[in-house]
Amino acid sequence: MRAIIQNSFGGPDVLVIADRPAPSPEAGEVLVRIEAAGINPVDGAVRGGHYPLLGEPPFVLGWDVSGIVEALGSGVSRLKVGDAVFGMTRFPKQAAAYAELAAVPADELAPKPEGIDHAQAAALPLAGLTAWQGLVRHGRLEPGKRVLIHAGAGGVGHLAVQIAKAHGAYVVATASPEKLDFVRSLGADEVIDYTRDDFTGKARDIDLVLDPFGGEHAEQSLEVLKAGGVLVSLLDVSDATKAKARTRGIRVERMSVVPDRAALVELGKLINAKKLAVHVAKAFPLEQAGAAHAFLATRPIGKVVLTV
């Protein structure tokens, strides 16, 4: 089979097409013929050696898949050959999704929503699960809550805005000037141009903040939260920020996304109910993985995918 492999850390040019042995599904696994693979910022961080989840190269990147079940390992009964499935698999271990075939745990896959194609389905899992787990699991989102979502046009952000609205929240989101209208089209009640306005002076009485930046940005986000609110950060938060939050009665949650079939099913329900749409900025063929990584670095609206 063809796969994208990297033999060293570096820029997008280290991603090269290669022939590799096709995997075989072990007990509890299925072999998926991949139709599309999602690309996420973590992929670029791992590629560059800044986030060494996979150890030293060589390895094959990618965790988001959408495709067709081609073979079953022993003990698999939930799925059958020919099923269209999608999921985020094995994260943070190697899933090797940038390939024509992948053997992955069956219990980390869900039926592909009928209302979207494979490219959109591959764009959904990691970002969608991050948004869902951040808002619903860690943030305990409820109807009527006021939510601030930073980077509302990004891969996670554009899904988080829609998930929050689907749960009956009042949504405030930040975005750059050229992305404001897009975020409004997702249903955000207020959109803040972070290049012109300080969000701490615009957002008020917030119950839940979803922050993808961590560090100083997370500390600034405390200023908009009411007592009893929660800050969910995708990156590290300093001990000083946690201490400051405690004095104000604010809960801080540092989250890392995990495989979650049940949440994938819930995301699929939102897709099929037309309450959630995945925006794919651009799809690249598998052999152009390097170009896809370079494009993602320009911070486009939504997601970037590889098609196989």
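Guide: Start with Val172, whose bridge partner in β10 is Glu190. The model is a predicted one. As a general point, the strands of a sheet are paired through hydrogen bonds of the backbone, in either a parallel or an antiparallel way.

Step back to the whole sheet. It is open and has six strands, ordered β10-β9-β8-β11-β12-β13, and the pairing is parallel. The edges are taken by β10 (190-193) and β13 (251-254); each has a single partner strand, so one side of each has no neighbour in the sheet. From one strand to the next, the twist averages 15°.

Now follow the chain on from β10. The loop between β10 and α6 (199-202) holds Asp197. The side chain of Asp197 is joined to that of Arg196 by a polar contact of 3.4 Å. If neighbours within four places in sequence are set aside, Asp197 is in contact with Ile192 and Lys202.

Aromatic rings can be taken next. There are three aromatic pairs in the structure. One of them is Phe9 with Phe59, a tilted pair whose centres are 6.2 Å apart and whose planes make an angle of 55°. This pair links distant parts of the chain, 50 residues apart: Phe9 lies in the loop between β1 (2-5) and β2 (16-19), and Phe59 in the loop between α1 (41-47) and β4 (64-72). Phe9 has 28% relative accessibility, so this residue counts as partly exposed. Phe59 has 3% relative accessibility and therefore counts as buried.

Another pair is formed by Trp63 and Phe91, with an edge-to-face arrangement: 5.1 Å from centre to centre and 80° between the planes. Trp63 is in the loop between α1 and β4, while Phe91 is in the loop between β5 (84-88) and β6 (101-105); these distant parts of the chain are 28 residues apart. Trp63 and Phe91 are both buried.

The ring of Phe295 has the charged end of Lys282 sitting over it, 5.5 Å from the ring centre.

Note on methods: Residues are numbered from 1 along each chain as its sequence is written. This is a predicted model: local features need pLDDT of at least 70, side-chain atom pairs count only at pLDDT 80 or more; totals for chains, interfaces and linings use all residues. Side-chain values use heavy atoms; hydrogens and water are left out. Two strands pair if DSSP finds at least two bridges between them. Helices (H or I, at least four residues) and strands (E, at least two) are DSSP runs, numbered from the N terminus. Axes are lines fitted to C-alpha atoms, for helices over the stretch in contact, and angles run from 0 to 180 degrees between N-to-C directions. A polar contact is a pair of N or O atoms within 3.5 Å; within protein, one must be able to donate a hydrogen and the other to accept it, and residues adjacent in sequence count only if both atoms are side-chain atoms. Contact means heavy atoms within 4.5 Å. Rings of Phe, Tyr and Trp (its six-membered ring) pair if their centres lie within 6.5 Å; planes under 30 degrees apart count as stacked, over 60 as edge-to-face and the rest as tilted. Buried means under 20% relative accessible area, exposed over 50%, partly exposed in between (1.4 Å probe, protein chains only). A charge sits over a ring if NZ of Lys or CZ of Arg is within 6 Å of the ring centre and within 35 degrees of the ring normal.
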